[in-house]
Amino acid sequence: METLTEGDTVAQIVDNNKRFNLVIRLPDAARDPQGLGNILIDTPHGKVPLSQVASVEESDGPNQIGRENSRRRIVISANSDGSDMAEIIKNIRQVLAENKLPDGYFVSLEGQFQAQEAASQLIAGLSIVSLSLIFMVLYSRYKSAVLAAMIMGISQWH
């Protein structure tokens, strides 16, 4: 189909010092959706018009196909209106969970919020490690888990 609509160079004609590409393609009148739908294609049961096995229609598409890890990638970007980013992402994830994507499709949420989530997880992990180390230091000093826990609990209120 691409060759029929866009053309393909099949030879080069040389005329003295001039060279011309010989391009094969359908005439302009046959390159509209109706003309392409009438093209006969070979099937095991004979030739049939393309319109019987495919929907031929003219539409807008991406002007560039992005790829990542050998997969097509379409980037959809948006900005918030200043609302809470966590709430926006929660709503997006809820809508995605409610709607099943066709096989072979997936969604990856990326951007500023992703870095914010990673930072929050890192801070939470480091906080747990810090509190554990503080508890271990207090336990080694006072040899009592109850006393160490009380000291840690009291320091939260002051």
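Predicted model: local features only at pLDDT ≥ 70, side-chain atom pairs only at ≥ 80, totals over all residues.
Helix H3 makes the greatest contribution to the lining of the largest pocket, supplying five residues.

The largest pocket has a volume of about 1300 Å³. Its lining comprises 32 residues, and those nearest the centre are Ile74, Val75, Ile76, Val107 and Ser108.

Is serine 108 buried, partly exposed or exposed? Serine 108 is classed as partly exposed because its relative accessibility is 42%, and the class covers values between 20% and 50%. Its side chain forms a polar contact of 2.9 Å with the side chain of glutamate 110. Arginine 31, by contrast, is 77 residues away along the chain, with 37 Å between the two C-alpha atoms of serine 108 and arginine 31.

Finally, some remarks on the backbone. Most residues other than glycine have a negative phi. Asparagine 16, which is not a glycine, has a positive phi of about 60°. Asparagine 16 lies in the loop between strand E1 (8-15) and strand E2 (18-24). With a relative accessible area of 71%, asparagine 16 is exposed.

Lysine 143 is not a glycine either, and has a positive phi of about 55°. Lysine 143 belongs to the loop between H4 and helix H5 (145-157). Its relative accessibility is 64%, and therefore lysine 143 counts as exposed.

Notes:
Residues numbered from 1 in each chain as written. Heavy atoms only, no water. 1 Å grid on protein atoms, 1.4 Å probe; cavity = no way out; pocket = protein on both sides within 12 Å on 5 of 7 lines; lining within 4 Å. Points joined across faces, edges and corners; volume = space filled by probe spheres on them. Helix = DSSP H or I, 4+ residues; strand = E, 2+ residues; numbered from the N terminus. Buried < 20%, exposed > 50% of the residue type's maximum accessible area, 1.4 Å probe, protein only. Polar contact = N/O pair within 3.5 Å; in protein donor to acceptor, adjacent residues only side chain to side chain.
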